[in-house]
Amino acid sequence: MKTMLRRSELLAGALLLASSLFAAGCGPNLPAERPVDRELAEQIRADISEGTGGPAVAVARPDPTGWATLSGSFKFAPGDASKFSNPPALAVSGDDGAYCNRGGAPKSQSLLVDGEGNIANVVIFLGDNLSKVEKPELWIHPSATGSTEPVTFDQKACVFLSPITTMQVSQPLHILNSDGVGHNTKLENANPMSEILPPGGKITYEHRKEERQPYAVSCNIHPWMKAYILVRNNGYFAQTDEQGKFKIENLPAGVDLTMKVWHEAAGGFLTDVTVNGETKKWPKKGFPVKLTADGEMKLDVVLDAGPFSN
Amino acid sequence: MNRLANTCRTTSNGWPAVWAVAVLASVGMLVAGCGSPDAQFKSNRAFIAKSLGEELAGEGSDDASEARAIRQGRIEQLDTVNAALAAMFGQPDDPFVVPDAELGVTDVIDDALLPTAAGAVGRDENGYARGLYRQHCVHCHGVTGDGDGPTAPLLKRYPRDFRMGKFKFKRTPLGAKPTDEDLHKVIYDGVAGTAMPSFKALLAEDEIDAIINYVKYLSIRGEVERKLITELTFLEANEEVDVSKDMLVDTFLADVVAKWQQAEESATPVPAPSGSITDQAAIERGKVLFQGKTANCFSCHGVTGLGDGQLGDYDDWTKDFADWGNILDADEKAEKLEQYIELTGLPPRNIQPRNLRQGVYRGGRRPVDLYWRIRNGIEGTPMPAAGMQQSPGGPGLTEDDIWDLIAYVKHLPYETISRPPEAVVENLRENP
């Protein structure tokens, strides 16, 4: 361990020296630091000091016309499917190594693809902020709000049992440790936690607010352990199953919605896609859909493998 | 300024300690020069690279001209971000606080105190000190409070980067800000076993207050900057950045300021121990807990408390750019490493659980300090909060267990297998 550390420091030192020869303190890809646009700064200061702007005027949105379903699947193109069929072993370290490596080193769960290229654990959710709509009862179906059903998040053999969990803010999170060793569960969200969890232990955790994207869960005793949780105010989310399939029911129909698609192994939101045979670039904000009341829209999505690594 | 600082530090990096000190002295001289007349805050380049790096590298599209347009769009958006930050916070020599009493901004940052800490070193017409931050803190913590001053790469533990808004040694739990008293302690006593010196002999009380105020100012600025950059990742490169008061002040600034306002009330109360913590029985109970699976201290600190249990992790400041220990692809790791070092000059280093046999406590040696460390964990580091019983008799620790652990930790340096206390050489990097 010690020698490794030294070696990496040496390497780092060498890199540093090399880089200084051509870099003026800027990364290879970033433009150099630019001077502040003083005129713009002054204008912004005047605006924020005088209290102009005020609260953004709520854009009047038409009322939804009913409820509808969004379903579909995510996969890789046939040629790409095999690239990820063999998840690498994780970098196990520390005194629990022997315990955690029993039965083979734990494997990365960040990208699970079946033989046909179907991708599990793609997260798809409604990106719109529904907290300010005028008639919430028309936007949020009773089945998609206020759930108090506990969500279980467990760990065993030094891996988290669910790489991605999707839940509502109103649901309690039951964090369990079904392992023979202690863990600490670290939640990196707006109400962060990092707490030791003995074997057989349980923590009941409450979220305070929704997050704009899945947040990371980790364990410092076993730093290779990683999972993500998406927590939203409403139930308009889904994650793909092992066949890459998802379904979200009772979405508001007849109105413009923005859906977001996320995958851990792509490092975030997905934009380069082929939907029902048509190649597209989804906006960063999410892609628009408008559903027909009582209808079901199907999206069969082939993802560009470029951004993925496992 | 950037170039100068970088060149200085590069030359000295990896040199034997003696040389380092000599070079340090010369760096100090240079910096006094660079820091002066029109000092500018540096932008958070590592965070920008992480958030928008691909597009800024001209890889935002397969089509070359589109990729260039995307790059240009991002550069312009970042200019707007910089202007917005200058509007909200000014520059090092000319700091500004949005005069919004309603949101409590002026409650958290006292702009009357800013000149004492901000700007160039000197004295005002009444002989009061000015520019104390630049005089005492900049060479480690950097003009921007990014922990990237010219001395930083020479240190084994890097100086704190205030911009993430995370602090280690505080009475409040994870996610909460330190209280003024917590920051006061760090500055007054220093952080034992690291390069962070004690300023008790150098600064008067009102001067420390002014510096605390300035640390908060830098930290709030840094957090708002991160929020602005994050916002860009939800925009297309050709979209306009929202710099309305609603967004900048009522959303971003208010969010960060509120947390500082809540610091005091989120302090973790300390119940009195039910017995003496020097009691042999308490020490024995603490030892069993320390080495057992309920408290789990041994899994990082090692069964003997030497700090050799889990050595493969990194702190949150280092992991902010990449999860270094878990990049499984060697080429990807090398590339990231090179990028990161070019951006920050600070090679990522593993964080080590404390060797508890040295009896050196960074957050303070009083039992109450250790109570907060163990009960709440140490933010930004792997050290987690204790797992407390959720129902009486259930799995987990009780308040008395925490005191027993403190009893044992305090006793560890004197335990028989203990080595003689090692000289504390944390400050300078090991020679390769």
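User: In what order do the five strands of the open sheet in chain A lie?
Analyst: In this predicted model, five strands of chain A form an open sheet whose pairing is mixed. The edge strands, each of which pairs on one side only, are β6 (164-168) and β9 (193-197) of chain A, and the twist averages 20 degrees from one strand to the next. Read across the sheet, the order is β6-β12-β11-β8-β9.

User: How many bridges join β6(A) to β12(A), and which residue is the bridge partner of Ile164(A) in β12(A)?
Analyst: Strands of a sheet pair through backbone hydrogen bonds, either parallel or antiparallel. In the case of β6(A) and β12(A), the two run parallel and are joined by five bridges. Within this pairing, the partner of Ile164(A) in β12(A) is Tyr228(A).

User: In which sense does β11(A) pair with strand β8 and with strand β12 of chain A?
Analyst: Strand β8 (residues 183-187) of chain A pairs with β11(A) over two bridges, and Leu187(A) has Val217(A) as its bridge partner in β11(A). With β12 (residues 226-232) of chain A, β11(A) pairs over four bridges, and here Tyr215(A) stands opposite Ile229(A). The sense is antiparallel for β8(A) and likewise antiparallel for β12(A).

User: Are the residues on the two faces of strand β11 of chain A buried or exposed?
Analyst: In a regular strand the side chains alternate between the two faces of the sheet. In β11 (residues 215-218) of chain A, Tyr215(A) and Val217(A) lie on one side, while Ala216(A) and Ser218(A) lie on the other. Both faces are covered, and these residues are all buried.

User: How many residues of the contact of α4(B) with α10(B) are nonpolar?
Analyst: On the α4(B) side the contact includes Leu78(B), Val81(B) and Leu85(B), and these belong to a set that meets residues of α10(B), among them Ile220(B), Val224(B) and Leu228(B). One residue of the contact is polar and three are charged, whereas the nonpolar ones number 11.

User: What percentage of the residues of chain B count as buried?
Analyst: Chain B contains 17 helices and four strands. Among its contacts between residues at least 6 apart in sequence, 65% join residues at least 24 apart. Of the 432 residues of chain B, the share that counts as buried is 58%.

Key
Residues numbered from 1 in each chain as written. Chains lettered and ligands numbered in written order. Predicted model: local features only at pLDDT ≥ 70, side-chain atom pairs only at ≥ 80, totals over all residues. Heavy atoms only, no water. Contact = heavy atoms within 4.5 Å. Nonpolar A, V, L, I, M, F, W, Y, C, P; charged D, E, K, R; others polar. Buried < 20%, exposed > 50% of the residue type's maximum accessible area, 1.4 Å probe, protein only. Pairing = 2+ DSSP bridges. Axes fitted to C-alpha atoms, helices over the stretch in contact; angles between N-to-C directions.
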